[in-house]
Amino acid sequence: MALASHPAYQLIEVTVRRSRIDGFGVFAAEPVPTGAKIGALTGEAISVTEARRRAQGRQRIMLVELSSSRAVDATRSSDPMRFTNHSCRPNARIAVEDDAIEFFALQEIAVGEEITVAYGATHHEGRLACRCSQPGCLGWL
């Protein structure tokens, strides 16, 4: 799938390809300095109730809750950042602020390195095994 993508809200060039963590991942196609905004995630605006209904029984979900009542489903989004995998030792962070879902580098990220974030609370509720293989991995999402 190795596609390069650079929509206006994607500030750092990335590629999407197979990941050793899970399925597809997003990889830096250019050096990313510490603190840099990498890009954003968009998708279908839905209610949290609908997001939780959609999450039932699915292992691969691409949902982000914006508030106690609003969420974004990025399942059908063309944004490359929707392929960002979880890691217990991430090199980026996801920030949800003012209805924007944005990704920022926590450290320098080299060309070819997979961009990862710590998901935090998920709809998996501790029932999905973590596959990050990092030292100190928590084991579950």
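Reply: Helices (H or I, at least four residues) and strands (E, at least two) are DSSP runs, numbered from the N terminus. Residues are numbered from 1 along each chain as its sequence is written, and side-chain values use heavy atoms, with hydrogens and water left out. This is a predicted model, in which local features need pLDDT of at least 70 and side-chain atom pairs count only at pLDDT 80 or more, while totals for chains, interfaces and linings use all residues.

Me: Which side chain of opposite charge is nearest to E114?
Reply: E114 is buried (under 20% relative accessible area, with exposed over 50% and partly exposed in between, using a 1.4 Å probe and protein chains only). Lys and Arg count as positive and Asp and Glu as negative, while His and the chain ends are not counted. E114 has no salt bridge, a term that asks for a side-chain nitrogen of Lys or Arg within 4 Å of a carboxyl oxygen of Asp or Glu. At 5.7 Å, the nearest side chain of opposite charge is that of R20.

Me: Which residue's side chain does a polar contact of 2.8 Å join to that of E114?
Reply: A polar contact is a pair of N or O atoms within 3.5 Å; within protein, one must be able to donate a hydrogen and the other to accept it, and residues adjacent in sequence count only if both atoms are side-chain atoms. For the side chain of E114, the partner at 2.8 Å is the side chain of S19.

Me: Is R17 buried or partly exposed?
Reply: R17 sits in strand β2 (residues 14–18), and a polar atom of its side chain lies 3.2 Å from the backbone oxygen of G112. Because its relative accessibility is 32%, R17 counts as partly exposed.

Me: What is the bridge partner of K37 in β10?
Reply: Another open sheet has three strands in the order β4-β10-β9, with antiparallel pairing. Within this sheet, β4 and β10 pair over four bridges. The partner of K37 in β10 is F104.

Definitions and conventions
Pairing = 2+ DSSP bridges.
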